[in-house]
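Please read the briefing below alongside the sequence and the structure.

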Amino acid sequence: MLDSLDLSSAPGADLAIEVAGLCKSYGAVRAVDGLSFSVPAGEIFGMLGPNGAGKSTTVEILIGLRQRDGGEVRVLGRDPKRHPTAIKRRIGVQLQITALYPRLTVKETVRLFASFFPKTLPIAEAIARVGLEEKADDRVDRLSGGQAQRLSVALAMINDGDIIFLDEPTTGLDPQARRSLWDVILELKEAGKTVFLTTHYMDEAERLCDRVAVVDHGQIIAMGSPAKLIRDNFHEQALEFNQPALGNHVDLQTLPGVIRMQQEGESTTLYTDQAPRTIAALMEASANANLPVSDMTVRQATLEDVFLKLTGRRIRE
Amino acid sequence: MKAFIQLVIANIKELLRDRMSMFWFIAFPIFFILLFGAIFSGSEDTASFAVGVVQQDNGPIAKGLDAALASMPVVKLHIGAQDAELAALRKGSRDLVIILPAGLSSAVKSQHRVEIPVYYDGTKQMSSQVGIPLVEQVLNQVEAQATGHPLLLEARPQAVQAVTLKEIDYLLPGILAMALMQLGLFSALRLVSLRERKILKRLGATPLPRGLLIASEVTVRLLLAMMQALLIVIIGRLVFGVTIVSSWYLVAAWVLLGACTFVSLGYMLVSFARTVESGQGIVQLVQFPMMFLAGTFFPISFIPGFLQPFVKAMPLTYLADALRQVMTGNPPLFSIGADLGILLAWFTGSLLLGIRFFRWE
């Protein structure tokens with residue numbers, strides 16, 4: 001299986017993670033169904049997909065918490081099934097559900113986790129990197145969601161590992177807390193770390209990831225840089241508006257420039273390669289039918305559109 | 001080692017900051033001791049003396065002594081055989097036992113000196129300081145009336161070896177055993193809670209060996225057990241004057257064995273539980289019957305026969321029995337070797353089953 005991986009791509013390009021034909025089932029459910037990908041050292045690699053797509057299972061197999069049913073895995077050149085402890089020493093992990101000792105302080109928690117590794121960053125430095133200096137002596141159960149998540153990332157950084165695994169690091173956070181965590185993640189890349197990130201936020205993947213694997217039902221349905229994924233799937237712009245009844249009066253697909261159309265609840269999206277002409281025609285149709293459109297936006301396609309196109313579904317929580 | 005120490009410190013900090021747990025940890029044994037100590041320790045009756053008389057002589061002097069004793073309002077007179085009366089003294093239901101030897105009356109008539117053995121309970125000051133002079137006074141009176149020579153009858157006091165025990169001497173080791181049982185059985189629930197909150201999973205993503213985590217958990221529980229035992233012994237001593245009859249080391253060793261046994265049993269029990277709630281249910285199911293059937297509050301001979309097989313299978317029965325023997329010198333229900341053997345069997349058995357069945361996820 002490993003033969004199928006391109007191990008000799010660029011000279012000196014170390015592969016931090018290599019996965020080929022990875023499978024894992026829970027009973028009759030195939031959580032991970034033949035994943036193959038590799039992550040060069042120093043890259044931020046994202047797995048993007050809805051809940052239940054198999055992202056967490058993949059992470060747990062890579063970090064040696066779970067046994068795979070089939071396929072090959074190498075993390076830092078070693079098989080996590082056979083060398084879990086050696087790998088765990090050289091990686092940092094943030095799991096999806098932040099679970100820590102509630103009555104310890106931030107500093108005590110970082111010190112505890114530091115004691116599990118032979119070599120670590122200074123406690124204060126790990127806390128400073130995630131911007132929790134002022135909360136260092138606060139108990140974990142009194143942190144906000146964003147602060148707890150940042151503490152969790154500090155724990156993932158404490159051993160100065162080569163790969164940092166972040167499983168949905170920003171889920172449930174408010175926009176400001178998400179942005180401040182993004183900065184922390186981008187700093188990890190600057191420090192030369194490989195970051196393996198799972199998310200179901202499109203904007204997060206676009207903003208952070210060098211490459212993204214879009215996964216659904218345990219399979220990769222597209223992979224590449226965010227820009228490439230969008231370019232490959234869309235030459236066109238997306239025209240979004242609210243007026244579900246309009247489609248009953250006019251065949252929107254025949255408007256000038258329209259390549260494809262997507263209806264999602266109240267919202268209609270027309271993908272067009274001639275946006276001005278399409279808008280003009282849409283306005284005219286709307287006036288003729290006396291059905292004003294609302295909330296109209298024109299935008300470049302995003303990963304969200306890619307997912308929608310590939311699966312026919314939106315990627316919501 | 002660094003990880004082990006940090007885990008122990010973290011665990012202790014978590015406990016100290018958990019006010020509810022700390023309250024129960026300290027208050028529970030104190031409540032029990034004070035409550036039951038107060039209920040049972042009011043029974044030392046100082047208003048009267050239970051005097052046993054063993055009448056081996058039926059002469060007039062002996063009868064005169066009986067009558068004189070019986071006429072005293074503070075004396076409750078029991079007449080019986082020597083074995084029975086001495087046994088009653090050892091059990092604490094007599095304060096004094098007077099032996100009136102055969103040939104007493106005729107010896108006095110012929111002007112011979114006669115020694116009257118008076119057995120008393122060495123642990124009760126009332127018996128020796130008030131009771132014996134009382135008997136000497138009675139002897140002199142009776143003798144003077146009979147002969148006019150009040151010098152022939154001589155009381156010969158003899159302290160009985162077996163100390164008589166107060167109820168608190170029975171209760172205190174039982175309460176200690178019970179406290180150890182509860183501490184031990186509930187200690188494993190913390191691991192279930194760590195699992196439920198996914199902290200175990202998070203720790204599993206670090207190189208920390210599982211064995212080290214368990215070792216740190218168990219170490220903290222054993223430390224707590226020793227502290228709680230010390231607390232109970234000190235309260236027993238300060239409030240109720242209970243003294244340790246054997247060495248403190250021996251008591252500490254039994255406390256440690258008891259704690260190990262019940263911690264292991266706790267781990268075994270929760271290995272069948274998925275959640276903290278179900279774990280609590282299982283532990284309660286085990287600890288409640290043990291608390292009442294293992295002779296914590298009353299001797300196991302009070303328990304009806306059909307329950308005796310359970311009583312004799314429970315580890316708490318043997319821990320309480322052993323602690324009673326080494327702490328306060330209660331008469332053994334089982335030999336100390338039997339106590340040791342059965343506790344060790346429970347310890348190793350539950351340890352092995354716990355290791356075999358505990359689920360990490």
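In this predicted model, B:Arg94 and B:Glu85 form a salt bridge whose closest N and O atoms are 2.6 Å apart. A salt bridge here is a side-chain nitrogen of Lys or Arg within 4 Å of a carboxyl oxygen of Asp or Glu. B:Arg94 is buried, with a relative accessible area of 12%, and B:Glu85 is buried as well, at 4%. Buried stands for under 20% relative accessible area, exposed for over 50%, and partly exposed for anything in between, using a 1.4 Å probe and protein chains only.

Because the model is predicted, local features need pLDDT of at least 70 and side-chain atom pairs count only at pLDDT 80 or more, while totals for chains, interfaces and linings use all residues. Residues are numbered from 1 along each chain as its sequence is written, chains are lettered from A and ligands numbered from 1 in the order in which they are written, and side-chain values use heavy atoms, with hydrogens and water left out.

**Other salt bridges within a chain**

- Side chains of opposite charge can pair when their charged atoms come close.
- Over all chains, the rule counts 29 salt bridges.
- A:Lys24 pairs with A:Asp69, with 3.8 Å between the closest N and O atoms. This pair links distant parts of the chain, since A:Lys24 is in strand 1 (residues 15–26) of chain A and A:Asp69 is in the loop between helix 1 and strand 4 of chain A, 45 residues apart.
- Helices (H or I, at least four residues) and strands (E, at least two) are DSSP runs, numbered from the N terminus.
- A:Lys24 counts as buried because its relative accessibility is 11%.
- In chain B, the side chains of B:Glu217 and B:Arg190 meet in a salt bridge of 3.0 Å, N to O. B:Glu217 belongs to helix 10 (residues 210–240) and B:Arg190 to helix 8 (residues 189–196), so the pair links distant parts of the chain, 27 residues apart.
- Both B:Glu217 and B:Arg190 are buried.

**Around A:Arg68**

- A:Arg68 sits in the loop between helix 1 (55–62) and strand 4 (70–75) of chain A.
- Is A:Arg68 buried or exposed? A:Arg68 counts as buried because its relative accessibility is 9%.
- A network of salt bridges links A:Arg68, A:Glu72, A:Arg74, A:Asp79 and A:Arg82.
- The side chains of A:Arg68 and A:Asp79 are joined by a polar contact of 2.9 Å. A polar contact is a pair of N or O atoms within 3.5 Å; within protein, one must be able to donate a hydrogen and the other to accept it, and residues adjacent in sequence count only if both atoms are side-chain atoms.
- A polar atom of the A:Arg68 side chain also lies 2.9 Å from the backbone oxygen of A:Gly71.
- Leaving out residues up to four places away in sequence, A:Arg68 touches several residues, including A:Leu22, A:Cys23 and A:Ile61. Contact means heavy atoms within 4.5 Å.

**Where chain A meets chain B**

- Chain A has 29 residues in contact with 24 residues of chain B.
- The two chains bury about 2,500 Å² between them, 61% of it on carbon and sulfur atoms. Buried area is the accessible area (1.4 Å probe) that two parts lose on being put together, summed over both.
- Across this interface the rule finds five salt bridges. A:Glu108 forms a salt bridge with B:Arg17, and their closest N and O atoms are 2.7 Å apart.
- Helix 3 of chain A gives the most to the side of chain A that touches chain B, with five residues.

**Chain A as a whole**

- Chain A has eleven helices and 13 strands.
- Its C-alpha trace spans about 75 × 50 × 40 Å along its principal axes.
- Of the 317 residues in chain A, 54% are buried.

**Positive phi**

- Most residues other than glycine have a negative phi, and most peptide bonds are trans.
- A:His217 has a positive phi of about 50° although it is not a glycine. A:His217 lies in the loop between strand 8 (211–216) and strand 9 (219–224) of chain A, and counts as exposed at 55% relative accessibility.
- B:Lys198, also not a glycine, has a positive phi near 65°. B:Lys198 is found in the loop between helix 8 and helix 9 (199–204) of chain B, and is partly exposed, with a relative accessible area of 34%.
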